[in-house]
Amino acid sequence: MRRITPLILAFSAVGAAATAHLSAQIPERVSGEVSCAECFITFDTVLTIGGLDGPGMHVLSPFSHVAVDRRGRILVAAADQAEISVFDSSGRFLRTVGRRGEGPGEYGSISHIAVGPRYIHIFDPRDGQTILDHDFRVVRTDAFPGQIGSAFVVGDGSVVFAGDEPTSAAIGHNLHMISGSGEIVSYDDDGEPYPSPLTGSTSRRSFVAGAGDALWEVGVVDNRLVRWDLVPEPRVARVIERQVVEFDRAAPPYVVENFPGAGRSGRNGGAMLDDQGLWIIWHTPDPEWTGSVSAGDILSLVVKLSDGWLDLVDPDTGRTTGRHHQDGIFLGFASGSGYVVAYHETEAGVPFIHLLEPQLSRR
């Protein structure tokens with residue numbers, strides 16, 4: 001696999017109404033079968049944080065967001081909390097950052113944390129982006145609507161995310177860039193409009209993973225991979241549709257009441273690009289569980305009744321080099337690091353989060 005060379009990008013300030021229309025790319029259909037029979041994925045446990053008692057533990061949940069800042073501190077937030085617990089590299093609690101409110105450094109909830117070389121970027125579905133320095137002082141708040149669950153810091157304060165952004169300038173454009181000055185430009189990935197929250201349709205969701213001048217967009221509910229070149233400006237360079245049998249055939253053995261079609265396939269849960277390739281986390285329903293649940297229990301089912309998968313994809317070919325499969329889920333990747341985030345609870349309900357460093361090995 002090619003090595004990705006780091007590159008600092010500088011984006012000119014442009015108005016929020018500016019858009020770029022890109023021509024559609026013909027998708028390449030690639031088998032999701034593992035191409036390297038002697039390859040397997042191993043993990044080194046870097047750190048474990050957990051327990052019911054003690055300061056900072058209230059943010060540990062199956063829906064926690066985790067990041068590692070440039071000083072090696074671990075930042076953990078929960079979807080239903082408005083503050084971040086900060087731990088040192090040994091797992092010792094240091095402090096909390098933020099609180100519930102509407103002022104600078106205050107949040108309604110936290111949907112994502114992204115770490116860059118200069119700043120920490122906190123995303124709130126209500127208030128948009130809050131930028132903190134590494135002393136946790138508020139640098140700037142960029143107000144905009146939207147549920148951002150994945151973002152890539154491409155340069156000195158510039159951020160890219162994918163998905164529906166419910167503004168008139170962004171309709172039909174799936175990739176969005178927040179410049180260092182806080183202005184948003186939206187880019188089209190396929191040349192065709194797509195349903196927007198403004199129309200009441202289901203939001204199109206994606207994860208983004210990048211390094212240097214390369215960025216990959218990974219769909220949540222499908223295996224469509226979009227390669228973006230970010231220089232001189234974002235443009236689609238390649239579209240790959242992975243045909244993963246286990247993902248496509250992951251029909252759950254349980255019945256979801258009043259929610260037709262829920263969970264009828266796998267779901268991607270995160271992406272990371274590094275020197276080894278493109279890592280993709282995905283989940284499938286546990287085939288050993290049967291029963292009936294209500295629609296309100298779907299989030300719990302994703303955690304308790306899912307198997308976790310980790311694929312390493314070669315960016316040059318789109319083929320799967322290695323694959324790991326386990327009982328239990330991965331929460332995603334810790335922004336600012338090369339770590340996979342895993343979650344588990346003891347039989348007594350004590351939560352733990354593990355930071356794992358993945359590596360491709362050969363028998």
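1. R362 is exposed, at 54% relative accessibility. Exposed means over 50% relative accessible area, buried means under 20%, and partly exposed is in between (1.4 Å probe, protein chains only). E38 is partly exposed, with a relative accessible area of 37%. E38 and R362 form a salt bridge, and their closest N and O atoms are 3.1 Å apart. In a salt bridge, a side-chain nitrogen of Lys or Arg lies within 4 Å of a carboxyl oxygen of Asp or Glu.

2. A word on the source. This is a predicted model, where local features need pLDDT of at least 70 and side-chain atom pairs count only at pLDDT 80 or more, while totals for chains, interfaces and linings use all residues. Residues are numbered from 1 along each chain as its sequence is written, and side-chain values use heavy atoms, with hydrogens and water left out.

3. How many salt bridges does the count come to? The count is 16. One of them joins the side chains of R71 and D135, at 3.0 Å from N to O. R71 sits in the loop between β4 (64-68) and β5 (74-78), while D135 sits in the loop between β12 (128-132) and β13 (138-142). The two residues are 64 residues apart, and their pair links distant parts of the chain. R71 is partly exposed at 45% relative accessibility. D135 is partly exposed too, with a relative accessible area of 38%.

4. The R71 and D135 pair belongs to a network. Salt bridges link R71, D133, D135 and R137. Look also at F136. F136 lies in the loop between β12 and β13. F136 is not a glycine, yet it has a positive phi of about 65 degrees. Is F136 buried or exposed? F136 counts as buried, at 12% relative accessibility.

5. Another salt bridge joins R140 and D142. Their side chains meet at 2.7 Å, N to O. R140 is partly exposed, at 22% relative accessibility. D142 is buried, at 6%.

6. Now the cysteines. A disulfide is a covalent bond between the sulfur atoms of two cysteines. Here, a pair of cysteine sulfur atoms within 2.5 Å counts as one. A search of the whole structure finds one disulfide. Which residues form the disulfide? C36 and C39 do, with their sulfur atoms 2.0 Å apart. The link of C36 and C39 is right-handed, with 65 degrees about the S-S bond. C36 is buried at 9% relative accessibility, and C39 is buried at 7%.

7. The bond from V231 to P232 is cis, with omega near 5 degrees. Where does P232 lie? P232 is in the loop between β20 (224-229) and β21 (235-243).

8. Next, the rings. A pair of aromatic rings is described by the distance of the centres and the angle of the planes. Rings of Phe, Tyr and Trp (its six-membered ring) pair if their centres lie within 6.5 Å; planes under 30 degrees apart count as stacked, over 60 as edge-to-face and the rest as tilted. The structure holds five aromatic pairs. One of them is F43 with F330: the ring centres are 6.0 Å apart and the planes are at 40 degrees, so the pair is tilted. F43 is in strand β3 and F330 in strand β28 (residues 330-333), and this pair links distant parts of the chain, 287 residues apart. F43 is partly exposed at 23% relative accessibility, whereas F330 is buried at 1%.

9. F247 and W282 form a tilted aromatic pair, 5.8 Å centre to centre, with 55 degrees between the planes. F247 is in helix α1 (residues 245-248) and W282 in strand β24 (residues 277-285), 35 residues apart. Both F247 and W282 are buried. Ring pairs link F247, W282 and W309 into a cluster.

10. Finally, the whole chain. The secondary structure comes to two helices and 30 strands. Helices (H or I, at least four residues) and strands (E, at least two) are DSSP runs, numbered from the N terminus. Of the 363 residues in the protein chain, 55% are buried. A contact means heavy atoms within 4.5 Å. Residues 24 or more positions apart account for 53% of the contacts with a separation of 6 or more.
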